[in-house]
Amino acid sequence: MKTRPHLNITYLSERLQEALCDIFQYSVTTVTAPMGYGKTTAVSAFLKQAENDGVSVRRQSIYGDSSASFWKGFCRLFSGTAVYKELAALPFPTDENSRAFFLELLEQAFEKNDRPLCCFIDDLHLLTDPSVFALLFALGRLALPEFHLILASRNPIFSPSEKLRLGKNLLEIDAVTLSLQPGELKNYCSLCGLKLDAASLSSLHQLTEGWFSCVYLNLTAYLAEGHFIEDSASIYDMIFHILLDPLPSDYRKLLTFLGLADEFTGSQAVYLWKNDSAREMLKNLTENNAFISRLPEPDTFRCHHMLKSCTRKMFNELPIEEQNRCKARMGTWYQSQGRYEEAIHWLSLSDNYEALLNAVEENRGYALNIQHQEEVLRWLDECPKATLARHSYALLIFMRRLYTFRRIPEMLRLKDFFLQSVSENPELSETERGNLLGECEVILSFLSYNDIQGMSLHHRKALTLMTEKTTSVGGSGSWTFGSPSVLAMYYRTPGSLDRVVADMKECMPCYYRLTGGHGSGAEDLTEAESLFLQGNFAAVPLPLKRAELAALDKKQWGMLLCKDFLEMRLALFAGDRERIQELMDEQKKTLKRELQSMFLNTLDVCSAFLYAILGCKNEIPEWIASGRLDSALVLHPAMPILFMAYGEVLLAKGDYSRLIAMEADLRRRFSIYPNLLCTLYLEIQLSGAFYQLGDNEKALSHLQAAFTIGEEDRIAVPFAENAAWIRPLFGQLLSPASQPFIEEILRLADLLDEARSDELRRPACLTDNEWKAVKLAASRLSNREIALEMGFSEGTVKQYLNRIYGKLHLEGDARNKRRRLEELFK
């Protein structure tokens with residue numbers, strides 16, 4: 001009996017097999033070709049064999065332009081590895097610090113990995129976020145042992161310069177390698193059991209140019225009709241004509257439903273079809289259609305993009321009511337699986353707003369992000385008001401999201417509707433009504449951000465209404481938004497410093513009761529910062545310790561970073577560079593251990609500020625030194641403090657003109673919320689910039705503006721920190737009443753000058769301990785005395801000194817080198 005030819009055979013040419021076999025020699029492989037060249041099929045077949053040979057294989061398909069969805073899927077590639085939980089807890093790394101932390105986690109995980117892991121990411125052309133490609137490029141450059149990344153796309157993945165930088169780490173497979181040459185076309189036909197004469201093979205190659213999908217469709221047509229498709233019909237028309245039209249109507253309809261999903265399971269097919277027969281139908285479709293493939297995951301399938309485009313066109317021809325029923329059923333399926341992004345997407349398309357609002361409430365709105373803002377507004381506009389009114393908790397979620405989207409007028413209109421619907425809803429108990437109204441007050445408090453008394457009015461009202469803790473704030477969210485200073489966030493008007501401290505002490509306990517301790521330590525930090533800024537250093541440790549204990553108790557990592565920054569600033573005035581470095585190192589370890597990647601940028605802000613004041617330009621983090629401030633994951637309310645620190649950096653670099661040119665932009669940023677402390681620093685920084693450029697009049701004008709802000713509250717430290725640029729101007733301030741304040745500034749400036757001059761004399765090549773040894777040696781202490789001072793042996797001191805002589809290129813005998821060291825650093 002003659003065997004009927006079977007085209008659903010995976011065929012890889014020898015050329016392609018050789019290219020694929022090289023994958024394990026490279027850290028990253030790109031497979032780029034237009035649609036239908038068999039990218040996914042080829043890589044999947046290769047990886048299936050690799051898996052049989054003991055390679056661990058993971059796969060991710062991209063289905064839309066959502067970086068958040070990409071990150072979730074990317075993290076799942078590492079499920080089962082030691083690093084998975086840490087990765088899944090991180091936000092998508094969009095900046096240099098979080099990318100570096102991500103790479104560090106992977107590097108540590110793969111140090112002892114002796115089994116290859118191959119990760120295949122398909123259809124990258126659907127993503128446009130540059131952060132995704134920056135992450136993949138950084139991972140490719142890292143070249144982890146036993147880790148291989150395969151990236152498939154219709155478009156180029158890396159730029160020419162990036163390819164050059166990846167160098168020997170990159171393998172490229174393109175359309176030429178994937179397409180079938182005439183001899184390979186003959187081999188494929190023979191493997192399928194189909195014998196074609198030379199003329200037919202030549203005609204087939206001429207028609208298809210080796211494009212695999214076109215080859216498959218032409219051979220299917222040849223088996224059914226005895227000839228190839230020689231007209232100019234599109235590939236989609238070919239799919240309709242060859243693959244879909246011959247199917248029974250129920251098979252076509254099932255495909256029409258399944259084509260909506262990016263991937264689908266057998267169980268999902270049964271759910272959509274409402275009949276167990278869907279499994280057998282799916283089995284038959286998979287066996288007889290190469291455009292439907294079974295994925296490595298159990299019971300999971302995927303339609304090729306070309307087939308999916310055709311089935312979606314068929315779906316759009318169904319009656320609207322049937323389309324909506326199918327979309328709603330698709331949404332409820334995803335909801336039952338806890339996949340809320342997909343659930344909300346399909347339910348919103350179905351016009352089943354009851355189900356949509358249920359899903360939003362069940363998910364508490366976590367699946368909604370900035371990409372949904374126009375959709376949220378559409379839902380609120382199109383949803384029947386009676387349906388909206390029944391879903392009070394969903395309305396609160398939408399209010400919170402509209403605030404995040406900065407759509408304040410729309411938020412306030414929704415608030416009015418919410419209040420009316422809650423008051424008129426007879427199904428609510430008084431307890432339920434009180435909790436809903438309390439949550440509304442908490443959300444409305446966001447509108448008074450930067451005014452702690454204004455916020456607290458809402459918090460106190462919420463406490464009188466609610467019988468439970470709020471769900472609108474708290475949890476793992478950052479109270480500081482990434483700011484290294486609490487006081488800078490709430491100091492709004494001149495002469496109000498003592499009032500701000502008192503308000504924080506009065507208001508924060510109410511907030512803690514409402515949130516279970518979110519932001520614990522804020523009032524003590526405010527007090528400690530105010531004392532520091534006034535130069536009362538001796539009084540700072542007590543409130544600082546109270547803040548530390550409160551923040552530790554509630555695991556408020558942002559507060560602990562603010563506490564460490566203040567301690568670093570104290571150490572700066574004490575000239576204790578080692579303590580600053582110790583705090584930075586400890587803080588970095590803590591943030592990484594607790595997976596608080598956003599605060600790594602905040603720590604860089606602290607570092608930039610301190611090293612700018614010290615004049616150590618080379619130690620300022622590069623992304624801040626080069627002005628790439630908007631690239632960092634720092635939340636909007638913390639941005640003014642970042643730009644304030646950048647002003648210090650520009651002074652340290654001597655880039656006075658740039659600082660002056662940025663004045664209007666900086667004032668705008670500092671006035672969105674009244675960030676008066678940032679404005680005070682700006683006036684001082686501008687004074688320093690103009691003075692260094694020789695414009696004494698403007699320098700004095702800005703210094704006087706700074707005095708107007710700072711003198712009433714006795715805020716002396718910002719002036720002292722910048723005294724190196726403005727000291728001669730203090731003598732030109734003629735007001736006798738200002739003299740006590742100026743004297744306090746100069747006292748603090750003298751403390752800082754000693755620390756700064758020490759750092760400016762320190763050669764960049766010397767470590768902290770080496771510099772300490774240099775200063776002791778320059779003071780004519782013996783090796784024994786240096787050893788006692790530093791806690792080392794005399795032998796270690798000799799090693800240190802010899803290393804120092806080498807770094808400083810000091811030659812001659814030991815006595816001459818020691819004498820020269822004294823001359824240099826006496």
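Colleague: How much space lies in the largest cavity?

Modeller: About 80 Å³. A cavity here is a set of points, on a 1 Å grid over the protein atoms alone, where a 1.4 Å probe fits but cannot get out. Its volume is the space filled by probe spheres set on the points, which are joined across faces, edges and corners.

Colleague: What should I know about the model itself?

Modeller: This is a predicted model, where local features need pLDDT of at least 70, side-chain atom pairs count only at pLDDT 80 or more, and totals for chains, interfaces and linings use all residues. Residues are numbered from 1 along each chain as its sequence is written, and side-chain values use heavy atoms, with hydrogens and water left out.

Colleague: Back to cavities. How many of 30 Å³ or more does the search find?

Modeller: The search of the whole structure finds 3.

Colleague: Which residues lie nearest the centre of the largest cavity?

Modeller: Ser485, Phe565, Arg569, Ile641 and Met644, out of 13 lining residues. A lining residue has an atom within 4 Å of a cavity point.

Colleague: Which helix gives the largest share of that lining?

Modeller: α34, with 3 residues. Helices (H or I, at least four residues) and strands (E, at least two) are DSSP runs, numbered from the N terminus.

Colleague: New topic. How many residues of strand β3 are buried?

Modeller: In β3 (residues 117-122), 6 of 6 are buried. Buried means under 20% relative accessible area, exposed over 50%, partly exposed in between (1.4 Å probe, protein chains only).

Colleague: Which way do the β3 side chains point?

Modeller: Leu117, Cys119 and Ile121 point one way, and Cys118, Phe120 and Asp122 the other.

Colleague: Which strands pair with β3?

Modeller: Strand β2 (residues 56-61) pairs with β3 in the parallel sense over 6 bridges. Strand β4 (residues 147-153) also runs parallel to β3, joined by 5 bridges. Pairing needs at least two DSSP bridges between two strands. Gln60 stands opposite Ile121, and Cys118 stands opposite His148 in β4.

Colleague: Where is the antiparallel pairing?

Modeller: In an open sheet of 3 strands, ordered β6-β8-β7. β6 (264-265) and β7 (292-294) each have a single partner strand, so one side of each is left without a neighbour in the sheet. Between β7 and β8 (residues 300-303) there are 3 bridges.

Colleague: How many residues does the largest nonpolar core have?

Modeller: It has 194. Helix α32 (residues 598-614) gives the most, 13 residues. A nonpolar core is a set of buried Ala, Val, Leu, Ile, Met, Phe, Trp, Tyr and Cys residues joined through side-chain atoms within 4.5 Å. Phe70 and Ile121 are among the residues with the most contacts inside this core.

Colleague: What does Phe70 touch?

Modeller: Leaving aside neighbours within four places in sequence, its contacts (heavy atoms within 4.5 Å) include Gln60, Phe92 and Ile121.

Colleague: And Arg433, buried or exposed?

Modeller: Arg433 is buried, at 14% relative accessible area. Arg433 belongs to helix α24 (residues 430-445). The Arg433 side chain reaches the backbone oxygen of Asn425 at 2.7 Å.

Colleague: Last one. Which residues other than glycine have a positive phi?

Modeller: Asp351, at about 65 degrees, is one. Asn450, near 85 degrees, is another. Most residues other than glycine have a negative phi. Asp351 is partly exposed at 45% relative accessibility, whereas Asn450 is buried at 0%.

Definitions and conventions
Polar contact = N/O pair within 3.5 Å; in protein donor to acceptor, adjacent residues only side chain to side chain. 1 Å grid on protein atoms, 1.4 Å probe; cavity = no way out; pocket = protein on both sides within 12 Å on 5 of 7 lines; lining within 4 Å.
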